[in-house]
Amino acid sequence: AGTADLAGVRVVVSAGGTREAIDPVRFLGNRSSGRQGYALAATAAARGASVTLLSANVELPDPAGVDVRRVTSARELREAVLEGAATADVVVMAAAVADFRPDTVTASKIKKTAGTTPAPIALVENPDILAEVSRERARPGQIVVGFAAETDNVLDNGRAKLARKGCDLLVVNQVGDGRAFGTADNQAVVLTAEGASVEIERGPKEDVADQVWDLVATRIPGDTGS
Ligand code: C5P
């Protein structure tokens, strides 16, 4: 921190939470504020990286010196991530992506009809963007970082998820009981593909972001370890 140790590094960060349309006015969403992803983008830019922030439904000011692109749904986010990954050295998936979306989007607003129950909303699976980017590795040596919010068995679930997704680093947050979502502070453990785990101190999301970039920086070819 305080240095331009990420100068010349191209990063793509996703942030926020996707919205999956039900009808023209309704969606399935989640409570992600986007704060951790925005902090990751801001701190990377402050350390000299060239940053594209893919922002899904976030109400925060654009971080300074960052190219911000807005997306709504998981499928839009996927297109933007794949486009960005084509030229990125590091891809960080901090966004909360909906695992499922409504099978069909009704063209008209769903109406309430007295005495009837509405039809159930059938769901279909969304693409897993992190798994796809990790598998494809658009560029040799590209570093892929995932996030996981877990409520129970945080480490075991995190390790299983890292293996399943195939990313290099997985930042695991414990959530629930008011932790992490929408708050300024965060606390996490970073798991590596080699099986190491690094505790990140509880602190502001900017400090957590800096510690994540410290770990990423050690994996960048040519890094001097400073
Ligand atoms: O499986 P889970 O949703 O807990 O995994 C979280 C991680 O996977 C996050 O990095 C999130 O951005 C990413 N993800 C994704 N595409 C999905 C679901 C999650 O890229 N459809």
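This is a predicted model: local features need pLDDT of at least 70, side-chain atom pairs count only at pLDDT 80 or more; totals for chains, interfaces and linings use all residues.
Colleague: Which residues does the UniProt annotation "binding site" cover?

Modeller: The annotation comes from an unreviewed UniProt entry; its positions are given in the numbering used here, its feature name is shortened, and annotations may be inferred rather than shown by experiment. According to that record, the residues are Asp99, Lys109, Pro127, Asp128, Ile129, Leu130, Phe147, Lys161 and Lys165.

Colleague: How far apart are the farthest two C-alpha atoms of that set?

Modeller: The annotated residues span 67 residues in sequence. They do not all gather at one spot, because the farthest two C-alpha atoms are separated by 37.4 Å.

Colleague: Which of the annotated residues are in the lining of the largest pocket?

Modeller: A pocket here is an open set of points on a 1 Å grid over the protein atoms alone, where a 1.4 Å probe fits, with protein on both sides within 12 Å along at least five of seven lines. Lining residues have an atom within 4 Å of a point. From the annotated set, the lining takes in Asp99, Pro127, Asp128, Ile129, Leu130, Phe147, Lys161 and Lys165.

Colleague: Is Asp99 buried or exposed?

Modeller: Asp99 sits in the loop between strand E6 (90–93) and strand E7 (100–102), where strands are DSSP runs of at least two residues (E) and helices are runs of at least four (H or I), numbered from the N terminus. Not counting residues up to four places away in sequence, Asp99 touches Val124, Glu125 and Asn126, a contact being heavy atoms within 4.5 Å. Buried means under 20% relative accessible area, exposed over 50% and partly exposed in between, with a 1.4 Å probe and protein chains only. At 54% relative accessibility, Asp99 is therefore exposed.

Colleague: Which residue has its backbone nitrogen 3.3 Å from a polar atom of the Asp128 side chain?

Modeller: Asp128 lies in the loop between strand E8 (123–125) and helix H3 (129–136), and with a relative accessible area of 34% Asp128 is partly exposed. A polar contact is a pair of N or O atoms within 3.5 Å; within protein, one must be able to donate a hydrogen and the other to accept it, and residues adjacent in sequence count only if both atoms are side-chain atoms. The backbone nitrogen at 3.3 Å belongs to Leu130.

Colleague: Which residues come nearest to the ligand?

Modeller: There are 13 residues around the ligand, each with a heavy atom within 4 Å of it. Those that come nearest are Met93, Ala95, Pro127, Leu130 and Lys161.

Colleague: Which side chain joins that of Glu194 in a polar contact of 2.8 Å?

Modeller: Glu194 is in the loop between strand E11 (185–192) and strand E12 (197–204). At 58% relative accessibility, Glu194 counts as exposed. The partner of its side chain at 2.8 Å is Arg219.

Colleague: How far apart are the end C-alpha atoms of helix H5?

Modeller: Helix H5 holds 15 residues, 205–219, and its buried residues include Val212, Trp213 and Val216. The expected span is 1.5 Å times one less than the number of residues, so H5 should span 21 Å. That agrees with the distance in the model, 22 Å.

Colleague: What is the phi of Arg137?

Modeller: Most residues other than glycine have a negative phi. Arg137, in the loop between H3 and strand E9 (143–150), has a positive phi although it is not a glycine. Its value is about 45°.

Note on methods:
Residues are numbered from 1 along each chain as its sequence is written. Side-chain values use heavy atoms; hydrogens and water are left out.
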